[in-house]
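Please look through the structure below with this briefing beside it. The points that follow are grouped by topic.

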Amino acid sequence: MHTALAIARRELKTYFNSPIAYIVIGVFLLVAGWLYFSTLFLAGRASLRGFFGIAPVLFVVFAPALTMRLIAEERKTGTLELLLTMPVRELDVVVGKFLAALGMVAVGLLWTLPYPLTVSTLTAEGTSFDWGPVVGGYLGLLLMASSFLAIGLWCSAMSRNQIVAFIMALLVCFAFYFVDKFAMVLPETLGELLEYLSVDYHFENIARGVIDTRDVVFYLSLTALGLVLTSRSLTAARQ
Amino acid sequence: MNIVPAFFEVEGCEMSVSTSQPMIRIENLTKAYGATQALRGVSFEVPRGQVVGFLGPNGAGKSTTMKILAGYVTPTSGTARVDGIDVSEDPVATRRRIGYLPENNPLYEDMMVREFLDFAADVRNVPAGERPAKIKSAVERCGLGPVLGKDIGQLSKGYRQRVGLAQAILHNPDLLILDEPTSGLDPNQIVEIRSLIKELGREKTVIMSTHILSEVQSTCSRVLIISGGKLVADDSPEHLTESEGGVVTVVLAPKNGTPLEAGRVRSLLESLPGVSAVSAIAPDGEGTLGFSLRHGKLDPRRAVFEAAVQNGMILLEMRRQQVSLEETFRKLTAA
């Protein structure tokens, strides 16, 4: 764990030493803010539904952007050899890099906290703002982000080209987002299966403010699967 | 009462085993990258405290052997042990004992030298209390003081190499694996890095690969030459060149005015023990004869002198030149 944290600290420093962190977080806030506030006053409801509705789509793009560099670049510049000949286990490396990326997502989400804080003051007189869906929504976003990041990390481990890693991760994440969108026209059993596989379906559950273990377990297992696959790719990189 | 002494006995026994182990023991190592066979059964041992030079043409398997030792590449078959521990069985334990400078010295370009060394110490789990002292000593030994606050990406090649070395010695490892530590440096930097390696070799086991043969002669007490994935020589640099023999140049003059018959002198020299080939060289004066004698392990100089005396010739000049390591190297590694 000590090693993983050491690697996470280094990766976080690298994020903030380069323009990537500022660009990714800046563009995320800009797009999310604009999409959200442009409809907030039309909807006329003091809730964060709109924001939580668009955040998953944004994550499909931004999570791969955060992870694409993490392993692909080390492979390309050869520093992977330096790193993997230090007394580390592959899983330590993977977890460290994952934690750094998750930290970046958390920093990005921190900057969206003014949304619920301002919206909570817009409630009609005599009613109180419902914080349940907000807490659930943020928890759901973090869980969803971790599964996307784990997928992105795996893609980054499989290519030495960052762009290839980005596109692969984008496609896989998008598939997990999109898989249930046709569920209603399909037979019921198949539809349910696709719904279970959908990252968005579980998110909607949590964002309602209902934290169900099934949804949490889904995200955690997807994350674990991604991290284990990444660690295997790293072992394979040793040839 | 009984348990405690027994426990200590086991401890003591284990310690004595681990110190008597050779630092490196490689047995029958093979490695195939797909269809290419990089190593075809290499075996050698390196005792503690030896500085070993690893020579071989490009693609002979030097880097592969070093990568296996460093725990980056897994061998196809055979075992590599560091301090008695199999690198495939407990890679984290063996890597802890090793300082490794990879070929081309990859470094995190975006980090400052200070940050990078701090990171290396952190990943290597150097206790926080000892860290500043250890980093300081590595920085001093490698002369990194003036560039601590610079980005690694901005450093000159010589400084980069020193950062790579500092990273490798930071945790005070028993074994240093240096893959072409002087490649791409200018002559001054080469001398500096070489003396640093020599100094490190006084307390550590060092295995270094290089293309510069004189470097081996000046730094290493033992040479391993690898060619086509096999070990073709394992000796001290002096022995290696000695056993290959050398060339003796002689210049002969007549003693009492009677001119020398070139043909007769030549066949006389050819008959001497140790001489394997004779060729004439330009004489350096009126009536003198010059020959160059190639010889093997046996030094023919005494025999040449005695033959000259017995046959009434004056030996004007005689000098021996040993075959250079370059020639030995070319001979051993010729496909």
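In chain B, 4 strands form an open sheet in the order S12-S13-S11-S14, with antiparallel pairing; two strands count as paired if DSSP finds at least two bridges between them, and helices (H or I, at least four residues) and strands (E, at least two) are DSSP runs numbered from the N terminus. Strand S12 (275–281) and strand S14 (313–322) of chain B stand at the edges with a single partner strand each, so one side of each has no neighbour in the sheet. Neighbouring strands of this sheet are turned by 20 degrees against each other on average, direction ignored.

This is a predicted model, in which local features need pLDDT of at least 70 and side-chain atom pairs count only at pLDDT 80 or more, while totals for chains, interfaces and linings use all residues. Residues are numbered from 1 along each chain as its sequence is written, and chains are lettered from A and ligands numbered from 1 in the order in which they are written.

**Around the sheet**
- Strand S11 (residues 246–254) of chain B is joined to S14(B) by 9 bridges, and the two run antiparallel; Thr249(B) stands opposite Arg319(B) in S14(B).
- Helix H10 (residues 262–270) of chain B lies across S11, S12 and strand S13 (289–295) of chain B, and runs at about 155 degrees to S12(B), where axes are lines fitted to C-alpha atoms, for helices over the stretch in contact, and angles run from 0 to 180 degrees between N-to-C directions.
- Helix H11 (residues 301–310) of chain B lies across S11 and S14 of chain B, running at about 170 degrees to S14(B).

**Where the chains touch**
- In chain B, 21 residues are in contact with 21 residues of chain A, contact meaning that the C-beta atoms of two residues, placed from the backbone, lie within 7 Å.
- Helix H3 (91–96) and helix H4 (113–123) of chain B each supply at least two residues of the side that touches chain A.

**Chain B as a whole**
- The secondary structure of chain B comes to 12 helices and 14 strands.
- The radius of gyration of chain B, taken over C-alpha atoms, is 27 Å, well over the 20 Å that the globule rule (2.2 Å times the number of residues to the power 0.38) gives for 335 residues, so chain B is more spread out than a compact globule.
- Along its principal axes, the C-alpha trace of chain B spans about 90 × 55 × 50 Å.

**Confidence in chain A**
- The mean pLDDT of chain A is 89, and 100% of its residues reach 70 or more; pLDDT is the predictor's confidence in each residue, from 0 to 100.
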